[in-house]
Amino acid sequence: MKRSEILSRLLVIAGVLLVLSVPLAVHFYEGQGIVEIHGRMAESGGWSPNSIHAQVGVPLHLRLTSDDVMHGFAIGQSDMPVVDVAPGKMTEVTITFNKPGTYTYYCTRWCGPNHWRMRGTIEVSGGSSDAPQPVSPPLYMTLNLNIDAPHPAIATPTERPSALRGAAFAAMLSSSYLTNDYYRAHSPSQAYLDLRADPALSSLSNPNVWDLVAYIWQSNTTPEGRAEGQRLFARNCSACHGESGGGDGVFSASVNAQTGKFPANFTDPASLLGASPALLQGKILRGGMGTGMPYWGPIFENETIWSIIGYIYTFQFDEVQK
Amino acid sequence: MRSELTRFSVVKSLLKNRWPQLFGFIVMLAGFLYAIMTGFIGTPVGNNNFSTVFVWIAWWAILILVAVPFFGRGWCAVCPIPLPGEWIQRGAILEPPSRKPRRFNLRWPNKLRNIWLQNLTFTLVALFSTVILTTPKVTAVVLAAMLFLAVGMSIVFERRTFCRYLCPVSGFIGLYAQTAPVELRVKDKQVCITCKGKPCYNGSAAGYGCPWDVFPGGLTKNTYCGLCMECLRTCPNDNIAINLRPFAADLGQPSRKLDEAFKAFIMLGAAMVYAGVLLGPWGELKSAAYSVGTVAWFGYVMAFLAFIFGLLPALFWLAVKLGQVLSKSNVPARHVFAAFATALVPLGLMFWVAFSLSFVLTNASYIFIAFSDPFGWGWNLFGTAALTWQPYLTTALVPLQTLVLVGGLLWSVRTAQKVGREVKIQPVPVIVFSMLVTLVMLGLLL
């Protein structure tokens with residue numbers, strides 16, 4: 001074989017090998033110690049991988065990319081800020097967990113009808129103690145509430161209750177009504193019946209009593225908490241429940257197509273005024289069986305859930321100071 | 001009026017020397033395999049993957065806006081697809097080896113010695129084009145399939161049968177190469193007639209027999225000459241020339257072949273369909289074209305095929321018949337039909353140029369992004385990965401497209417008049433046909 005032929009063959013083979021092997025080698029080298037997570041709409045598989053492991057105190061390096069549309073990446077019950085995950089782009093984040101447990105990462109963008117199914121878990125082990133900390137059961141369980149049962153309001157107001165007007169009668173209220181325990185365990189309609197039966201308030205008209213209920217509900221929340229609740233509601237809930245709480249969000253039709261039910265309408269007094277904060281807590285924590293309502297337990301901290309609940313009641317009660 | 005480029009010794013030795021071409025092949029083969037690899041293992045997001053961006057935006061822009069109009073089959077001269085197959089077939093990469101390897105070297109069946117199969121493969125690719133253009137994995141599969149098919153055919157058949165009879169790209173490059181201002185021709189046909197052994201066709205120690213199965217002495221148009229330069233190397237009489245010539249010089253001799261006529265219809269119709277589907281405002285049409293395998297997609301396929309193989313040729317046939325009636329001609333309609341289809345060659349090319357201008361200028365910014373981060377792995381090789389999408393020359397686009405389409409129409413009218421004189425038939429109905437389709441294309445693009 002001629003030298004020129006040998007050289008030409010070597011050149012062809014070298015060119016091919018170079019172009020195929022160099023990128024792979026670089027990618028392999030760069031990928032050491034990094035977990036690459038691909039986001040796809042839930043219908044196409046969701047996060048991949050959807051389960052990863054980490055150690056307490058050891059930085060976890062993540063490279064995030066989307067294989068289809070824009071997604072958002074957040075880790076529940078952590079203070080990691082939300083990260084945008086753009087199609088075809090890599091976003092790198094590093095997280096260090098300081099306590100063991102199972103953390104849920106989820107999509108924060110309304111990427112598709114099953115957007116809320118885009119979830120994965122990070123098993124964090126190690127640290128001072130791997131033993132699970134004792135956790136007190138949530139209030140809805142302590143109260144033994146059946147959160148799947150219908151909860152129609154026993155009574156509804158004839159006009160929209162106002163916390164501001166209610167404040168004028170606050171002095172007549174027994175302090176037991178203003179406690180957090182009372183607020184969380186009672187629905188507004190139960191509270192209305194309790195107040196109506198209270199002889200100390202017998203001189204008040206029905207609308208005045210409803211105003212007092214609104215006052216109790218406002219007294220158990222803070223403007224900051226409601227603002228936080230509004231922000232989280234807009235990001236996580238309004239896709240189904242609608243920005244104005246009417247159960248008419250962009251995904252409401254697809255929820256109806258999947259379950260035969262529309263998302264809860266918080267502007268309907270007959271529905272929301274029959275639900276206690278504890279019952280709403282249960283629905284948010286565990287999700288609604290057969291309703292399409294996702295579970296948020298692994299994602300939101302307790303206080304966050306109470307903030308969202310505080311905001312939800314503003315769909316019924318007027319003049320809440322923001 | 002022709003100017004021989006090979007009279008310059010520098011040009012001639014550059015073209016005869018195998019090394020420059022081999023370097024071209026190696027670079028192209030590397031790029032081709034890189035595109036396949038990025039398609040398979042890179043991001044599935046089409047506009048961020050080198051595979052789709054390189055092939056369907058960068059390569060396509062160079063091919064249809066520069067290579068084909070100005071160099072004809074210039075791309076075929078460096079296309080890497082035949083290289084691996086030819087290596088096996090010839091047993092060498094450079095000069096012919098002293099001992100030929102034993103291969104089947106079968107002749108391609110006579111009945112398939114036309115471009116109907118190329119018409120079919122192009123149509124097949126066109127039917128799936130929305131998916132191929134946007135899905136890197138599918139692009140990679142198509143590229144890999146072409147490579148494997150070319151290798152397989154080189155093992156079984158002689159010469160470049162894949163390029164000549166099957167390649168979906170080669171078919172339309174050949175059609176539009178007729179308009180290019182470059183040609184390979186013999187200097188004196190008499191020399192070829194008396195040449196012993198015809199090494200340009202049969203090969204010699206200096207080079208291989210024409211890989212495109214063409215006898216250069218009989219070349220009258222660019223369609224089937226792949227500009228591989230083998231005949232320039234093998235001709236013992238220095239009788240091969242590369243000439244500069246006026247644009248569209250080949251169109252003076254109208255084709256009489258139906259396969260070539262239908263290639264013109266397929267290309268003309270596909271440009272119009274693409275303009276509607278890829279650039280038009282019809283979302284349902286777009287999603288039907290994309291939803292391969294669905295009822296809507298089958299509807300799109302039927303409409304596509306009916307338009308290209310039914311409506312366009314039928315209207316053209318009517319125009320040709322009308323011309324025959326007006327001229328009281330007895331020339332067989334089949335011949336006239338094929339001859340007048342030559343007028344659609346410049347028109348179709350300009351349709352593709354106008355469509356591609358829009359497509360390429362809108363998406364060209366992805367080239368910089370994908371070149372810096374070819375796999376979508378977060379690389380930034382040239383510092384351009386973070387650029388955002390933006391269309392280029394938006395204000396110049398519409399006037400440019402109008403100019404191209406009107407220019408294409410005038411070119412087509414001139415060609416129709418030439419063909420009319422040749423076959424002695426009134427060209428006005430064909431000119432009206434060209435005007436009508438140009439109006440439709442203008443409406444689709446502007």
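Reply: Happy to. In this predicted model, the centres of domain 1 of chain B and domain 2 of chain B, taken over C-alpha atoms, are separated by 24 Å. The domain assignment places residues 3-177 + 182-244 of chain B in domain 1 and 255-445 in domain 2. Where the two touch, domain 1 of chain B contributes 33 residues and domain 2 of chain B contributes 31 residues.

Let's start on the domain 1 side. At least two residues each come from α2 (18-41), α3, α6 (116-127), α7 (129-134) and α10 (168-177) of chain B. Of these, α3(B) gives the most, with 10 residues. By residue class, this side of domain 1 of chain B has 22 nonpolar, 11 polar and no charged residues.

Next, the core. The largest nonpolar core has 136 residues, and L268(B), A271(B), F340(B), F351(B) and A354(B) have the most contacts inside it. Helix α14 of chain B (residues 258-279) supplies its largest share, 14 residues. Both domain 1 and domain 2 of chain B give residues to this core, so it lies between them.

Finally, follow α3(B) to another helix. In α19 of chain B (residues 365-372), Y366(B), I369(B) and A370(B) are buried. Looking down the axis of α19(B), these buried residues fall within an arc of 90 degrees, so they line one face of the helix. Among the elements covering them are α3 (50-71) and α18 (344-363) of chain B.

Notes
Residues numbered from 1 in each chain as written. Chains lettered and ligands numbered in written order. Predicted model: local features only at pLDDT ≥ 70, side-chain atom pairs only at ≥ 80, totals over all residues. Buried ≥ 20, exposed ≤ 12 C-beta atoms within 10 Å, placed from the backbone. Helix = DSSP H or I, 4+ residues; strand = E, 2+ residues; numbered from the N terminus. Arc of directions from axis to C-beta. Contact = placed C-beta atoms within 7 Å. Core = buried A, V, L, I, M, F, W, Y, C linked by C-beta atoms within 7 Å. Domains from an automatic or database assignment. Nonpolar A, V, L, I, M, F, W, Y, C, P; charged D, E, K, R; others polar.
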